[in-house]
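My notes follow in the order I looked things up.

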Amino acid sequence: MRAVIMHAPGDVRVEEREDPRIIDPTDAIIRLTATCICGSDLWPYRGADQPDHQHMGHEYVGVVDEVGSAVETLEVGDFVVGSFVISCGTCEICRAGHQSRCVNAVFVDGAIGTQAERARIPFADGTLVATPGQPDAALIPSLLAASDVLGTGWFAADAAQAGPGRIVAVVGDGAVGLMGVLAAQQMGAERIIVVSRHADRQALAREYGATDIIEERGDEGVARLKELTDGLGAHSTIEAVGSQESMMQAIRSTRPGGSVGFVGVSHDVQIPGDELFFSAVHLHGGPAPVRRYLPELIQLIWDRVIDPGKVFDLILPLADAAEGYRAMDERRATKVLLTL
Ligand SMILES: [Zn+2]
Ligand SMILES: [Zn+2]
């Protein structure tokens, strides 16, 4: 089968790899229908992490091709959406809803790599969710978004306690930030303030429910947000970048007693303890337990209540993955869908 391999920063190739096969009885083999490139794939691409022949990709939808003897909830032919973290579904951490930190967790990126024609998914029952039937082609981008960016944005909004009467701030206008806007709106937020400098992303943010846009970053962005909120700050802040500047902007944008949901993959973020102490904010985040939300998100997409698939603004065949990475790196695309 063909798969995307990152040999070194900036060096992405589509190459032949051995076909996956069932190893454990809880495995399923899926044939990918669509996959995509993630903002987090840009960290190794730009050399912030050191990739060495890494199997890329962790977002995926597809059709079950084969199941192990212990798989109970899935059948060959089912259309499935999976999380970017493999989870057993039965340990205490999974049962409490924190599947991305399952005691048996495996990150799909690297270990499996779903920018590929096929993939072996361990703990299939705990990781995959079947859709109510075979989806129309028009629903595929939205279902694919549920696999990570929507699930992650949803978790961030939930962790930030977005809801009726709440002012939500979103730091980061990448795909996850935009999905955080959509989630906050679905959860009934009163006002959604997005930090963004890109006209096209501002437009999509408004379509998804943003009421205000802030172009300033860092402490200037905090000052602007305070002006918009009677000097108090947001009740709920979504951090969707993972840098020192964005994390501190998120914490400083949040009023005392408010909550920050942080889902940008942290890169060398250091939070000063004294500032955290006096901020009096709640912090909850990390890799999103997407599996917790998948049944609900799939249903909202199936019923055409939400349309997260608009976040994909470039569609390419898997063979052109290298161009997809370039387009995202150069910000010519927010998120690239790869067809198979
Ligand atoms: Zn991702
Ligand atoms: Zn588990």
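Before comparing helices, I noted how an axis is set: it is a line fitted to C-alpha atoms, for helices over the stretch in contact, and angles run from 0 to 180 degrees between N-to-C directions. I also kept in mind that this is a predicted model.

**Entry: α6 and α12**

I looked up α6 and α12 first. Their axes come within 9 Å and cross at roughly 105°. Angles of 65 to 115 degrees count as roughly perpendicular, so α6 is roughly perpendicular to α12. Which residues of α6 meet α12? I found Leu150, Gly151, Thr152, Trp154 and Phe155 on the α6 side. On the α12 side I found Val290, Tyr293, Leu294 and Leu297. By class, this contact has seven nonpolar, two polar and no charged residues.

Next I checked burial along α6, residues 149–159. Eleven of the eleven residues are buried, so the helix is largely enclosed by the rest of the structure. Among them are Trp154, Phe155 and Asp158. What covers the buried residues of α6? The cover includes helices α5 (140–146), α7 (175–186) and α12 (290–302). It also includes strands β14 (234–239), β15 (254–262) and β16 (282–285). Just after α6, I noted that Gln161 takes a positive phi of about 60°.

**Entry: α9 and α10**

I then turned to α9 (residues 218–228) and α10 (residues 244–252). They pack at an angle of about 20°, with their axes 9 Å apart. The two helices are therefore roughly parallel to each other. Their crossing is right-handed. From α9, Gly218, Gly221 and Val222 meet Glu245, Gln249 and Arg252 of α10. By class, I listed one nonpolar, three polar and two charged residues in this contact.

**Entry: a three-stranded sheet**

Last, I traced an open sheet of three strands. Its order is β2-β1-β4, and the pairing is antiparallel. Why do β2 and β4 each have one side without a neighbour in the sheet? Strands β2 (11–16) and β4 (54–55) stand at the edges with a single partner strand each, so one side of each is left open in that way. Two bridges join β1 (residues 2–8) to β4. I found Met6 opposite Gln54 in β4. Helix α13 (residues 321–329) lies across β1 and β2, and runs at about 155° to β2.

Key:
Residues are numbered from 1 along each chain as its sequence is written. Chains are lettered from A and ligands numbered from 1 in the order in which they are written. This is a predicted model: local features need pLDDT of at least 70, side-chain atom pairs count only at pLDDT 80 or more; totals for chains, interfaces and linings use all residues. Two strands pair if DSSP finds at least two bridges between them. Helices (H or I, at least four residues) and strands (E, at least two) are DSSP runs, numbered from the N terminus. Two residues are in contact if their C-beta atoms, placed from the backbone, lie within 7 Å. A residue is buried if 20 or more other C-beta atoms lie within 10 Å of its own, exposed if 12 or fewer, and partly exposed in between; C-beta atoms are placed from the backbone. Angles under 35 degrees count as roughly parallel, over 145 as roughly antiparallel, 65 to 115 as roughly perpendicular and the rest as oblique. A crossing is left-handed if the near helix is turned anticlockwise from the far one by less than a right angle, and right-handed if clockwise. Ala, Val, Leu, Ile, Met, Phe, Trp, Tyr, Cys and Pro count as nonpolar, Asp, Glu, Lys and Arg as charged, and the others, Gly among them, as polar.
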